[in-house]
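Subject: Structure handover

Hi,

Here is the structure I promised to pass on to you. Please have a look at it first, and then read on for what turned up.

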Amino acid sequence: MTVSVRPERPEDQLDIHDVNREAFGQDEEAELVDAVRQAGGALFSLVAVYDGQVVGHILFSPVNIESHEAMYPAVSLGPLAVLPEFQGQGIGSLLVKAGLAACREAGHGIVIVLGHPDYYPRFGFRPASLFGIRWEHDAPDEAFMVVELHQGAVAAASGVARYHPAFEGV
């Protein structure tokens with residue numbers, strides 16, 4: 001199976017909504033993607049395409065890590081969605097790797113994810129608490145993770161991670 005990854009196009013928006021709704025079995029993540037896009041908060045929105053069909057999607061949006069002394073820019077990964085019938089075939093991994101590469105190439109140093117602790121460590125994610133970073137909401141320590149894209153980026157940042165405001169409205 002040959003799957004390609006490319007940036008979202010305007011004509012992909014309904015398909016992206018459907019992919020997120022079907023992957024999560026609810027509308028919340030699909031509505032979140034729509035809200036972030038409408039607010040101009042999507043740094044990278046990538047789709048996985050198989051045989052002309054959008055089968056997966058990943059969104060990266062801005063995050064600020066705030067401490068008493070400073071504010072550090074970062075990027076959030078999520079949601080990541082793959083149509084149920086295409087899950088378990090490496091499409092999610094393809095999207096994560098492409099997205100992290102895009103973030104790295106754009107000069108971003110830190111990516112944060114609230115996700116499955118058995119999935120994201122394969123991409124270098126580690127518990128954010130190890131670096132003094134916590135989410136502004138309650139989350140299991142092992143599920144709130146960070147990956148450093150440029151050496152020393154995480155060492156300079158600590159504090160509370162605050163997601164794009166669109167995340168609060170959904």
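Predicted model: local features only at pLDDT ≥ 70, side-chain atom pairs only at ≥ 80, totals over all residues.

Residues are numbered from 1 along each chain as its sequence is written, and side-chain values use heavy atoms, with hydrogens and water left out.

With a relative accessible area of 12%, His164 is buried; buried means under 20% relative accessible area, exposed over 50%, and partly exposed in between, with a 1.4 Å probe and protein chains only. Leaving aside residues up to four places away in sequence, His164 touches Ala39, Gly41 and Pro62, a contact being heavy atoms within 4.5 Å. Val63 is 101 residues from His164 along the chain, yet their C-alpha atoms are separated by 6.0 Å.

You will find Ser76 in strand E4 (residues 71-82). Ser76 is buried, because its relative accessible area is 0%. Again not counting residues up to four places away in sequence, its contacts are Leu59, Phe60, Ser61, Val63, Ile112, Tyr163 and Phe167.

Strand E4 also holds Pro79, and the peptide bond from Gly78 to Pro79 is cis, with omega near 0°.

The chain as a whole

Stepping back, the protein chain has three helices and nine strands, and along the sequence they follow the pattern β-α-α-β-β-β-α-β-β-β-β-β. The radius of gyration of the protein chain is 15 Å, which agrees with the value near 15 Å for a compact globule of 170 residues. That radius is taken over C-alpha atoms, and the globule rule is 2.2 Å times the number of residues to the power 0.38. Along its principal axes, the C-alpha trace spans about 50 × 30 × 30 Å.

Of the 170 residues, 46% count as buried. Among contacts between residues at least 6 apart in sequence, 67% join residues at least 24 apart. The chain exposes about 8,500 Å², of which carbon and sulfur atoms supply 49%; these areas come from the Shrake-Rupley method with a 1.4 Å probe, and for residues only the protein chains shown count as cover.

On charge, there are 10 positive and 23 negative side chains, and the centres of the two sets lie 7 Å apart. Lys and Arg count as positive and Asp and Glu as negative, with His and the chain ends not counted; each charge is placed at NZ of Lys, CZ of Arg, CG of Asp or CD of Glu.

Helices

In helix H2 (residues 28-38), the buried residues are Glu29, Ala30, Leu32, Val33, Asp34, Val36 and Arg37. Their cover includes helix H1 (13-24), E3 and E4. Just after H2, Gly40 has a positive phi of about 75°.

Glu105 is found in helix H3 (residues 91-105) and is exposed, with a relative accessible area of 70%. Its C-alpha atom is separated by 9.4 Å from that of Leu149, 44 residues apart along the chain.

A loop residue

Asp51 lies in the loop between strand E2 (44-50) and strand E3 (53-66). Its phi is near 50°, a positive value in a residue other than glycine. Asp51 is exposed, at a relative accessible area of 72%.

Aromatic rings

A search of the whole structure finds eight aromatic pairs. One of them is Trp135 with Phe144, stacked at 6.1 Å centre to centre and 15° between the planes. Rings of Phe, Tyr and Trp (its six-membered ring) pair if their centres lie within 6.5 Å, with planes under 30 degrees apart counted as stacked, over 60 as edge-to-face and the rest as tilted. Trp135 counts as buried at 19% relative accessibility, and Phe144 is buried at 4%. Separately, Tyr119, Tyr120, Phe123 and Phe125 form one aromatic cluster.

Best wishes

Note on methods:
Helix = DSSP H or I, 4+ residues; strand = E, 2+ residues; numbered from the N terminus.
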